[in-house]
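Visitor: Hi, I'm new to reading structures. Can you walk me through this one?

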Amino acid sequence: MRDFTSLFGRPPLVRASAPGRVNLIGEHTDYNGGFVLPIALPLRTRVELAPHDGDAVVAWSAAVPTEPVSYRVGAEVRSGGWIDYVQGVTRALFDTGHPVGAFDLRVESDVPVGSGLSSSAALEIALLRALREAFGLALDDVTLARLGQRAENDFVGAPVGIMDQMAASLASEHAALFLDTRDLSWRAVPLPAGTELAVVDSGITHAHASGEYGVRRAECERAAKALGVHQLRDVGPDDLSRIARLPPPLDRRARHVVTEDARVLAAVAAIEAGDARRFGALMSASHASMRDDFEVSLPEIDRLVDLCHAEAGVLGARLTGGGFGGCVVLLVEEGRARDAAAAAAARWIVETGGSPCIRIPA
């Protein structure tokens, strides 16, 4: 693998990194102004960077080990490739009054792409951290998250909420991040004692910038408009009878968001009360809602979740991330996560012929 000096003929000035995340509960609620509960992963994206006197960004990624690609700062043009996330960041900085100069960039990551673990947010935040240091930008961690989301929404064209960037910027591996995506208030919530997490990557990849993810967001906006509110956050469980009168599928989409917000609040209460079984049951209920009401799961994913539930020590399991593939997260009794994940994955291979990978425990 080529290092920075062999690529650019000099050492990097700054190094920075940011983690991937797994969302424990609270799916498709962030762009509806709701609540989420992600946790950072030990998987990280790492960048090395050095400014130079030219006018071009020259970037290389270990995931696409060809010759470096380049573009001119201030003249970003979407290409459809990985470099768009870099271009989106420099464009977002320029548009918000924080322009940066030219630089050389090397990217390396062990956050898998398309698996629902926020590889794009990890890249955006790692790059923003490096640029903040290299160019002396007065930007706090929440502002970095806002800029990362802006890069992805406005330049890449992926209509994501802000959860992923907030998790990459603020979350730790030791406690979940309970986040109100409306006002961006947050607090750390340690997992219940005696539990651990497992993450099984199905190997079925997805892409936020296209397909059904955007359709679901548009359906939520239509449902909110039909209910006479700004966002679905503005209705709650007491409004389920009104929601039931919406035309299909808007009724199901709104029901998922409203009940999912309630599940996040109940999950935080369960964690803080030390009730791991209640938390696990809420995770499993979240998956059922994603499957039946929001319809972002797949039969293969549903079967993997069922196989996980059948293993000893598993307290809850659900699809995590935007859906249509990606990873399943499990809450497991301490000391049993690796065996439970491995057994479920092995049975899933026999049944489906898939190629799963256990991401956590490493």
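Guide: Let's begin with helix 6. Its buried residues are Y213, R216, R217, E219, C220, A223, A224 and L227. Keep in mind that this is a predicted model.

Visitor: How are the buried residues of helix 6 arranged, seen down the axis?

Guide: They fall within an arc of 160°, so they line one face of helix 6.

Visitor: Why would residues three or four places apart point the same way?

Guide: An α-helix has 3.6 residues a turn, so residues at that spacing point the same way.

Visitor: What do the buried residues of helix 6 pack against?

Guide: They pack against helix 7 and helix 8.

Visitor: And which exposed residues sit on the face turned away from the buried side of helix 6?

Guide: K225 and A226.

Visitor: How far apart are the end C-alpha atoms of helix 6?

Guide: They are 22 Å apart. Helix 6 covers residues 212–227, which is 16 residues. At 1.5 Å a residue it should span 22 Å, so the two values agree.

Visitor: What follows helix 6?

Guide: G228 does, and its phi is positive, near 75°.

Visitor: Let's go to helix 8. What span should it have?

Guide: Helix 8 runs over residues 250–272, and its 23 residues should span 33 Å at 1.5 Å a residue. The end C-alpha atoms are 33 Å apart, which agrees. After helix 8 comes G274, with a positive phi near 75°.

Visitor: At what angle do helix 8 and helix 9 cross?

Guide: Roughly 170°. Their axes come within 9 Å, and helix 9 is residues 276–292. That crossing makes the two helices roughly antiparallel, because angles over 145 degrees count that way.

Visitor: Which residues make the contact?

Guide: From helix 8 there are R252, H256, T259, E260, R263, A266, A267, A270 and I271. From helix 9 there are R278, F279, L282, A285, S286, S289, M290 and D292.

Visitor: How do the residues of that contact divide into nonpolar, polar and charged?

Guide: Where helix 8 meets helix 9, 8 are nonpolar, 4 are polar and 5 are charged.

Visitor: New topic. What kind of peptide bond joins P248 and P249?

Guide: A cis one, with omega about 0°. P249 sits in the loop between helix 7, residues 240–243, and helix 8.

Visitor: And what joins I360 and P361?

Guide: Another peptide bond that is cis, with omega about -5°. P361 is in the segment after strand 11, which is residues 357–360.

Visitor: Is L184 buried or exposed?

Guide: Buried. Its relative accessible area is 8%, and the cut-off for buried is under 20%.

Visitor: What about the phi of E295?

Guide: It is near 55°, and E295 is also a residue other than glycine with a positive value. E295 is in the loop between helix 9 and helix 10 (299–309). With a relative accessible area of 32%, E295 is partly exposed.

Visitor: How many residues of helix 3 are buried?

Guide: 14 of the 17, so helix 3 is largely enclosed by the rest of the structure. Helix 3 is residues 119–135 and reaches 24 Å from its first C-alpha to its last, close to the 24 Å expected. G136 follows helix 3, with a positive phi near 65°.

Visitor: Now strands. Where is Y71?

Guide: Y71 is in strand 4, residues 64–72. At 8% relative accessibility it counts as buried.

Visitor: Which residues does Y71 touch?

Guide: Not counting residues up to four places away in sequence, Y71 touches D55, A56, V57, E76, I83, V86, Q87 and T90. Y71 and D55 are 16 residues apart in sequence and 8.5 Å apart in space, C-alpha to C-alpha.

Visitor: Last one. What is S109 in contact with?

Guide: R44 and T45, leaving aside its neighbours within four places in sequence. S109 is in strand 5, residues 103–109. At 38% relative accessibility, S109 counts as partly exposed.

Conventions. Residues numbered from 1 in each chain as written. Predicted model: local features only at pLDDT ≥ 70, side-chain atom pairs only at ≥ 80, totals over all residues. Heavy atoms only, no water. Helix = DSSP H or I, 4+ residues; strand = E, 2+ residues; numbered from the N terminus. Expected span 1.5 Å × (residues − 1). Axes fitted to C-alpha atoms, helices over the stretch in contact; angles between N-to-C directions. Parallel < 35°, antiparallel > 145°, perpendicular 65-115°, else oblique. Contact = heavy atoms within 4.5 Å. Nonpolar A, V, L, I, M, F, W, Y, C, P; charged D, E, K, R; others polar. Buried < 20%, exposed > 50% of the residue type's maximum accessible area, 1.4 Å probe, protein only. Arc of directions from axis to C-beta.
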